[in-house]
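Reader: Hello! Could you walk me through this structure, one feature at a time?
Author: Gladly. Have a look at it first, and then ask away.

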Amino acid sequence: MAFLELQNVSKGFGSGRQRVSVLRSVDLSVARGEFVAVVGYSGAGKTTLLSLIAGLLRADAGQLTLDGREIREPGPDRGVVFQSYSLLPWLTVEQNVALGVDSVFPDWPAEKRRDHVLEYIALVNLTPARHKRPAELSGGMRQRVSVARALATNPAILLLDEPFGALDALTRATLQGELEALWARDKKTVVLVTNDVDEAVLLADRIVPMTVGPGATLGPAIPVNLPRPRNRKAVNHDARFKEVRGRVIEYLLGPARRRPTPVSPSLQEAYA
Amino acid sequence: MTTPSKHLEIWNVSKSYPAPQGEAVIVKDFSLSLPEGEFVAIIGHSGCGKSTVLSIVAGLLDATSGGVAIAGREIEGAGPDRGVVFQSPCLLPWLSALDNVLLGVDQVFSNRPRAERTTIAEQALELVGLKGALRKFPAELSAGMRQRVGIARAFALDPKVLLLDEPFGMLDSLTRMELQDVLVSLLSGARKTVLMVTHDVDEALFLSDRVALMTSGPAARLGGTLQVPFPRPRERTAVLAHADYYSLREELIGFLEAQGHGSPADGSAGETAEVGDKEAVA
């Protein structure tokens with residue numbers, strides 16, 4: 001059994017005639033240390049998929065296991081970074097990161113927790129801003145705080161929900177580079193959902209395309225056998241990069257595509 | 001205007017950031033005083049600096065000059081005497097509705113027993129109509145329900161001053177009205193001094209005692225205030241039927257239109273004076 005395993009997972013919202021199936025018979029296996037990107041349209045059900053793995057939603061049918069244990073609820077073994085930063089506005093950078101660390105490592109002495117928090121703030125290059133509140137930070141800096149908070153709890157798997165979607169292109173590129181470096185440092189298992197094909201090709205070991213919902217499911221995985229670290233510019237000239245990119249786009253635009261339809265009011269609202 | 005007390009006082013607040021050409025002035029000399037229990041809505045175009053003023057009052061941003069005092073004491077940073085509801089409710093996705101509210105309660109009432117803190121959080125969620133959703137995660141809640149959690153979180157701390165930063169801006173208009181009613185009912189049970197930022201004229205008229213008009217930035221200022229005469233407790237249909245409703249509404253919309261989008265603040269002196277005059281009349 002793979003490290004993260006989804007078997008025949010389905011999820012819908014609403015009831016009776018209003019019921020909408022969002023995900024249908026989703027299978028996914030992710031090996032320990034692997035970086036998998038799920039690529040699909042907005043509204044396809046990517047966030048639902050990630051929320052199921054995070055334990056924030058329960059599946060209607062099917063099985064989800066992480067390291068052999070069934071996923072029933074959120075837990076510190078999974079670190080999540082959402083597109084909206086979910087930072088508490090009245091806490092400083094340091095306090096926001098400490099929030100996660102304090103809840104996961106309550107037995108550590110205060111000093112050890114503090115050092116740990118500062119280490120992860122340094123890792124995302126925010127040491128000079130550690131006493132600032134979110135209102136004083138740019139979007140890129142806020143997302144760095146979210147990444148630091150997620151990594152500082154030493155999760156077994158990192159779940160990223162369009163983490164750079166709200167950022168401008170330049171900031172996005174910088175953060176993608178930083179994320180790859182962080183991943184290379186401790187080889188965490190990562191599931192990234194994104195609608196950005198280039199982001200997936202730059203970061204992932206394997207890309208799994210998602211068909212358009214309702215009733216979305218995952219298509220055949222496309223391996224990305226490109227050497228790391230991957231250079232954003234060089235990949236434009238690399239035939240292998242173009243080939244992978246072409247296969248993902250072809251799948252998403254090909255026969256598998258149905259018109260993107262709104263999934264459900266609550267989902268449209270979710271993470272708006 | 002004679003005010004018996006200045007419960008919340010904002011004096012000469014300015015905010016500017018260093019910029020390549022000298023400095024960018026966002027807000028310039030903004031002054032406003034609220035007696036205890038007054039509800040003031042600050043209205044202005046998006047990006048005019050309304051939220052900047054609110055963040056300064058909340059203590060989340062430092063003013064470049066000027067200051068803010070509550071009950072005669074100048075504020076230093078954020079504090080539990082001010083509850084803030086943000087446009088996005090900023091809930092932690094891995095915590096249930098109850099645990100999200102408890103986060104603030106545990107911090108502010110750390111000296112009270114655990115059971116009592118849980119009761120405080122549960123009651124706050126009950127008041128916003130979420131009794132049945134205490135254990136739900138944000139992902140399982142609609143946007144309107146999530147904002148109810150945000151409101152409950154602020155009210156649970158029983159702050160003296162409530163600061164609302166476009167709290168219903170991301171909701172559809174029906175949900176928005178629903179939540180405005182929730183807010184009215186909460187405030188009728190526990191009167192607070194409230195400062196709200198909005199760009200919705202009807203929302204400002206329905207909820208507030210006074211509307212503060214903000215000119216468009218850069219260097220946004222207070223362009224005048226407008227008294228809202230509707231009696232309390234307020235009920236939506238009665239407010240809409242009030243003889244002055246549409247003239248006040250027209251006046252506010254007129255101010256916003258005259259401000260245009262991003263028009264220089266200096267060009268608005270005429271409208272400013274006009275609205276200021278109306279305040280004396282009202």
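Author: Let us begin with a term: two strands pair if DSSP finds at least two bridges between them. Please keep in mind that this is a predicted model.

Reader: Thank you. In what order do the four strands of the open sheet in chain A lie?
Author: In general, strands of a sheet pair through backbone hydrogen bonds, either parallel or antiparallel. In chain A, the order of the four-stranded open sheet is E2-E1-E4-E5, and the pairing is antiparallel.

Reader: Which are the edge strands there?
Author: An edge strand pairs on one side only; in this sheet of chain A that describes strand E2 (20-30) and strand E5 (69-70).

Reader: How many bridges join E1(A) to E2(A)?
Author: Strand E1 of chain A, residues 4-13, is joined to E2(A) by seven bridges, and the two run antiparallel. To see one partner pair, find A:Gly12, whose bridge partner in E2(A) is A:Ser21.

Reader: What is the strand order in the four-stranded open sheet of chain B?
Author: In chain B, too, you can read the order along an open sheet of four strands: E2-E1-E4-E5, with antiparallel pairing. Strand E2 (23-34) and strand E5 (73-74) of chain B are at the edges; each has a single partner strand, so one side of each has no neighbour in the sheet. Strand E1 of chain B, residues 8-18, runs antiparallel to E2(B), and eight bridges join them. One place to look is B:Pro18, which stands opposite B:Glu23 in E2(B).

Reader: Let me step back to the whole of chain B. How many helices and strands does chain B have?
Author: Chain B has nine helices and 10 strands. Its radius of gyration is 19 Å, close to the 19 Å that the globule rule gives for 282 residues, so chain B is as compact as a globular protein of that length. Along the principal axes, the C-alpha atoms of chain B fill a box of roughly 55 × 50 × 40 Å.

Reader: And what share of chain B counts as buried?
Author: Of its 282 residues, 45% count as buried.

Reader: Now a helix, please. How do I read which way its residues point?
Author: The general idea is that an α-helix has 3.6 residues a turn, so residues three or four places apart point the same way. Take helix H5 of chain B, residues 173-189: at 1.5 Å a residue its 17 residues should span 24 Å, and its end C-alpha atoms are 25 Å apart, which agrees.

Reader: Which residues of H5(B) are buried?
Author: They are B:Leu179, B:Gln180 and B:Leu183. Viewed down the axis of H5(B), the buried residues fall within an arc of 110 degrees, so they line one face of the helix. That buried set packs against helix H4 (143-156) and helix H6 (201-207) of chain B. On the face of H5(B) turned away from the buried side are the exposed residues B:Leu174, B:Ser188 and B:Gly189.

Reader: Is B:Ala219 buried, exposed or partly exposed?
Author: A residue is buried if 20 or more other C-beta atoms lie within 10 Å of its own. B:Ala219 has 19 such neighbours inside 10 Å, so it counts as partly exposed.

Reader: Last one: how many residues of chain A are in contact with chain B?
Author: 21 residues of chain A are in contact with 17 residues of chain B. On the chain A side, H8(A) gives the most, with three residues. By class, that side has 14 nonpolar, four polar and three charged residues.

Conventions. Residues are numbered from 1 along each chain as its sequence is written. Chains are lettered from A and ligands numbered from 1 in the order in which they are written. This is a predicted model: local features need pLDDT of at least 70, side-chain atom pairs count only at pLDDT 80 or more; totals for chains, interfaces and linings use all residues. The radius of gyration is taken over C-alpha atoms; the globule rule is 2.2 Å times the number of residues to the power 0.38. A residue is buried if 20 or more other C-beta atoms lie within 10 Å of its own, exposed if 12 or fewer, and partly exposed in between; C-beta atoms are placed from the backbone. Two residues are in contact if their C-beta atoms, placed from the backbone, lie within 7 Å. Ala, Val, Leu, Ile, Met, Phe, Trp, Tyr, Cys and Pro count as nonpolar, Asp, Glu, Lys and Arg as charged, and the others, Gly among them, as polar. The expected span of a helix is 1.5 Å times one less than its number of residues. The arc is that of the directions from the helix axis to the C-beta atoms.
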